[in-house]
Amino acid sequence: MAFGELRPDDPVRTAGRWRPNSPGKAKRGMTTEPKALEIDHSEWKPSVNPWMVAASVMLSTFMVVLDSSVANVALPHIAGNLSASTDESTWVLTSYLVSNAIMLPASSWIARRIGRKRLMMISIIAFTVASLLCGMAINMPMLIVARVLQGAGGGGMQPLAQSILLESFPPSKHGVAMSAYSLGIIVAPVIGPTLGGWITDSYSWRWIFYINLPVGIVALFMANLFIEDPPYLRRAFRGGIDYLGFGLMALWLGTMQLLLDKGQEADWFEANWIRLLAAVCVIAFVGFIFREFMHRDPIVELRVLGNRDFLVGTMITCLFGFVLYATTALLPLFLQTLMGYPALDSGLAVSPRGVGSLVSVIVVGILINYIDSRILLACGFALLAYSAFLLGHINLGISMTSVVVPNLINGFAGGFIFVPLTTMTMSHLRKQEIGNAAGIYNLVRNIGGSIGIACVTTMLVRGSQAHQNYLGANVTASTPAARSALLGLQSKFFQGGASAEAAHQSAIGMLYRGIQQQAALLSYADNFRLMAFLALLCIPLVLFFRRAQKHANPSDVIVE
């Protein structure tokens, strides 16, 4: 057989053209074994303008992220309307988070079986129909089941949107693409509580779900029109279903989420069922890791963590999720419980974070083409730490400005973190690895957020108790300041018509409530300062990143 003649048992194709094997010139990620088909998809581009693809995925992502926070402020109204207790109403949030967490890492595997576009459309339909069912719920069980379906649809959309964007834009434009994507990820959680509070107060809690219907219909139409599957997802999927791997993944993620959500209520490991839940979680997690490395077609391809940049980025996004979600949970709680802000006002006080994010993603989208992404990322974490330190100096006499300015800086820092972090984390991955990597990346960020909320909730309660013991020990009858305050309060109550004994008891009660408020304030300040230190801890990790690639990766090949 003459040199250059194709043998039927030795096909090799690159960029859509057949070429012979070249002995001794096999590239990384390619094989010269017979019956190996190698396709370079680094130059693949969507048939439509990639900005139309970006608009399609941004709309669906914004809807999902918004709905993860919009229901928080409506929980008391939901509980009252459906005749449920406050503890029962929290399952509205927990059920959504559990199903969302399970779908995040599984979305890439499902996309390989049925296609990314088809999965995106199914997820949008599931989310939209579930939103309708949530609004029509007549009792709590129906609402919880609908939220499970809603979380499953939302969990499929987030990593799909990210991988679709990264594949539709060339590597040199990944920073700009992530700037657009981050608008939904960063701004939606800020708008959510404010929008949810306004809708609940002005209309009904059911409308926080009904508003998803027109958005979902438009998102479905745009997804069908503009999104397309890349070539390496258009071939038949030959792998079997890893039922055991999926079951172990669902078990450890579900038990972990329940553990984090209900741990503080049950006093953590003092409760037997919490210890049992933790044991099941650990065993299922270890079994899942072992299964995924042993199975020929795992639900989640964990070997991608062998890429240094992806591993470093995953570690950093976990810490970032911890700080971001913990701060987002702490501040409205502080404003409503200690400062006496109503739900709508507390939402308005933190809304400048969205303004800061909007400005920063535009700035970063421009700067990322000229400045090393590692420098931008380090600046972002420095600004995030500074905003947390400002919040660590709060007191009960602050004005709204003292909350607005740190939130503005916090939001501005978010754009400098999210865009370069995502770009550098994915920059050295092959295109066919991005879908799986995006699922892991988003899951780890959400896990970091869940752990962060659980930790700060626990530390807030325990810290308040510790500060209260310390302050109470220094407020005695022999303390001049305490005695003076007590006598002043007694005099006011006595002048108001109370008896001497009633005035004394009321004064003691008022003094005790003041101690409780100060103890809670100190605990909030401690938590904000902890967030600042964790943000600073991320800066040294940035040094482990390699420089992000600016051009197409020559190793973007797929071996079938």
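Is D267 buried, partly exposed or exposed, and what is its relative accessible area? In this predicted model, D267 is partly exposed, with a relative accessible area of 38%. The residue belongs to the loop that links α10 (243-262) to α11 (272-294). Although D267 is not a glycine, its phi is positive, at about 60 degrees.

The loop between α10 and α11 also holds W268. For W268, a residue other than glycine, phi is again a positive value, near 50 degrees. The relative accessible area of W268 is 16%; since values under 20% count as buried, W268 is therefore assigned to the buried class. For D267, by contrast, the value of 38% places the residue in the partly exposed class.

These local features belong to a protein with 19 helices and four strands. The protein comprises 560 residues, of which 51% count as buried. Among contacts in the protein with a separation of 6 or more, 83% are accounted for by residues 24 or more positions apart.

Helix α12 spans residues 308-337 and helix α15 spans residues 373-391. The two pack at an angle of about 30 degrees, and their axes lie 12 Å apart. Because angles under 35 degrees count as roughly parallel, α12 and α15 are described as roughly parallel to each other. Their crossing is left-handed.

On the α12 side, the contact is formed by I316, F320, V323, T327 and L331. These residues meet F381, L384 and L391 in α15. By residue class, the contact of α12 with α15 consists of seven nonpolar residues and one polar residue, with no charged residue.

A further position of interest is G488, which is located in helix α18 (residues 480-495). G488 is partly exposed, and its relative accessible area is 32%. In sequence, G488 and A507 are separated by 19 residues. In space, the C-alpha atoms of G488 and A507 are 8.4 Å apart.

Notes
Residues numbered from 1 in each chain as written. Predicted model: local features only at pLDDT ≥ 70, side-chain atom pairs only at ≥ 80, totals over all residues. Heavy atoms only, no water. Axes fitted to C-alpha atoms, helices over the stretch in contact; angles between N-to-C directions. Parallel < 35°, antiparallel > 145°, perpendicular 65-115°, else oblique. Left-handed = near helix turned anticlockwise from the far one by under 90°. Contact = heavy atoms within 4.5 Å. Nonpolar A, V, L, I, M, F, W, Y, C, P; charged D, E, K, R; others polar. Buried < 20%, exposed > 50% of the residue type's maximum accessible area, 1.4 Å probe, protein only.
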